[in-house]
Amino acid sequence: MSDMNNTLDEIHTPGCLGEKAEIFQSGRGNASGFPGPALIPLRAPLLQPNAQKIGTPLCKGNRSIKEGEESYPSPFPEFIPSTITPLVSECLLPRTKSSATQVIKVYNEDNTSRAVEVPSDITARDVCQLFVLKNHCIDDHSWTLFEHLSHLGIERTIEDHESVMEVLSGWGVDTDCRLYFRKNFAKYEFFRKPLDFFPDHMVSISSEANGMVDHSQLIQTFLNSSTCPEIHGHLHAKEQSRKSWKKFYFVLRRSGLYFSNKGTSKEPRHLQFIADFSDSDVFTMLSAKKLHGAPTDYGFCVKPTKCSSARDLKLLCADDEQTRTCWITAMRLLKYGMQLYQNFIQPHQKQKASPMRSISENSLVAMDFSGQKSRVIENPSEVMSVAVEEGLSWRRKSCHRLSGHGSPSTSQNSLSNIALHLAQSWFHSKLSRDEAQRLITQQGLIDGVFLLRDSQSNPKTFVLSLCHMQKIKHFQILPVDDEGELFYSLDDGHTRFTDLIQLVEFYQLNRGVLPCKLKHHCARITL
């Protein structure tokens, strides 16, 4: 035991380890009280207007929920807490002069920034809504605020309910810390597809349960205050004051994170406490191998909220992306519990309860401008055919053929005839393979996240970069010349497209030769 104490950071165990382990050995780990087998909460009805509050409501700005302070209600399926704040909270409404305000600076992917004056009680979701409105973005509920600590090489998702000023208060004076505004498609994806985030071999109820947790009730048991799944597996850990890493068997329980000093034993006397999450956050390491000498680049760490020194970080490293994602997701669920589920359902309920429709939409009419005079189209079937023909005609007139790498042909050098795909938000031009992988990873490793870019190895081709099963794959888009006409194809000319827009639209509806359909495109915005 004494040898292992020197292995990681100075480990302090608050309270008796046996008492901590007894919580999970007492047989309270029972998930049978939840209805199954489907993920009922994702299809639960809207909030009932007279739903009663159960337990202590979550305070605005709380970054942590300590064990024992909150009795989480069961959300499945009869009750969903009614303490959810509106989509854009009252702090974004017109303010009185007495309201305290502060100025924050927010960055995007290309490191351009914008400073805005906000109320001191603003939440991360409010900031995202503010920038969605200011930048005229489509709000698909994936916009996220990130806490980026450059001097430590780590970042994390700031949860929607967190107080932004409370996050900033934990930053050191002389440190390079930033807020980033970008998409994170994987933020709540585990509520929809828990099987993709929690592999069977890493999840069990407890050592006394003698069985694996039912995946249909996996999220329910995480949100239930009386029990939770146990996450276990091997991780690499950084030794204190050394450059070396060692591999240990780790166990994540509601009381905290432990590692075993005797193989894979889960006996209380063999489990060494490392950290809990009442006053800590889990961060992703951006360059684990380069900055910390980790065996892989799938690094993450547990950081105390108020610390700004690398000495206080608990540095960990997984063997693959799926393992890292499982640990980080489980830690988020253990720290915030029911609040994450509230964050997930809140925008969908707001949208469903009061669907927004522009008043001007009621006065829209279909028009035909193909003749010498414009006319109103009365026949609904004619509206569709005219729209399709107009779109095809516009493409034929506007789209040019590339004679080189992004260079317009000499016969069509007008600025109005520039390649259509250059204006699309999913096209990233001269983006390298590594930059494409980094951008997709930043915006969420879930099936269907994609972008298109110029090929770096072949100047006459393009590349589709696509995420599937938490891995990023690259598919070359080849030009096909057929009797002087140029087409684009992903399958050696079997399926041909006149331009990249048509190709993307096809694979958004059909999987074809791809492992999955194109679902979410990586977009960059200018603040």
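What follows is a short exchange about a predicted model, taking up its sheet, a loop residue and its nonpolar cores.

User: Why is N458 called partly exposed rather than buried or exposed?

Analyst: N458 has a relative accessibility of 29%, and since buried means under 20% and exposed means over 50%, the value falls in between, so N458 counts as partly exposed. This residue lies in the loop between β16 and β17, and its C-alpha atom is separated by 9.5 Å from that of Q476, 18 residues apart along the chain.

User: What makes β17 and β18 a pair, and in which sense do they run?

Analyst: Two strands pair if DSSP finds at least two bridges between them; β17 (residues 462-468) and β18 (residues 471-482) have seven bridges, in the antiparallel sense, and therefore they meet the condition for a pair. Within this pairing, S465 stands opposite H474 in β18.

User: Why are β19 and β20 said to stand at the edges of the sheet?

Analyst: The sheet is open, has five strands in the order β19-β18-β17-β16-β20, and its pairing is mixed. β19 (485-489) and β20 (520-521) each have a single partner strand, so one side of each is left without a neighbour in the sheet.

User: Which helices lie across this sheet's strands, and how do they run relative to β16?

Analyst: Helix α12 (residues 433-443) lies across β16 (449-454), β17, β18 and β20, while helix α13 (residues 500-509) lies across β16, β17, β18 and β19. Helix α12 runs at about 160° to β16, and for helix α13 the angle to β16 is likewise about 160°.

User: What makes the 54 residues a nonpolar core, and which of them have the most contacts inside it?

Analyst: Membership requires buried residues of nonpolar types, joined through side-chain atoms within 4.5 Å; the largest set has 54 residues, and those with the most contacts inside it are F191, F198, I231, F250 and W327. Helix α9 (residues 321-336) gives the largest share, eight residues, and the core draws at least three residues from each of domain 2 (193-201 + 217-348) and domain 3 (422-521). Apart from this core lies another, of 37 residues, among them V106, W143, I158 and W171.

User: Which residues does F250 touch, leaving out those up to four places away in sequence?

Analyst: The residues touched by F250 include I231, L235, L257, F259, I274, L316 and W327.

User: How much of the protein counts as buried?

Analyst: Of its 527 residues, 51% count as buried, that is, they have under 20% relative accessible area.

Notes. Residues are numbered from 1 along each chain as its sequence is written. This is a predicted model: local features need pLDDT of at least 70, side-chain atom pairs count only at pLDDT 80 or more; totals for chains, interfaces and linings use all residues. Side-chain values use heavy atoms; hydrogens and water are left out. Helices (H or I, at least four residues) and strands (E, at least two) are DSSP runs, numbered from the N terminus. Contact means heavy atoms within 4.5 Å. Axes are lines fitted to C-alpha atoms, for helices over the stretch in contact, and angles run from 0 to 180 degrees between N-to-C directions. Buried means under 20% relative accessible area, exposed over 50%, partly exposed in between (1.4 Å probe, protein chains only). Domain bounds come from an automatic or database domain assignment.
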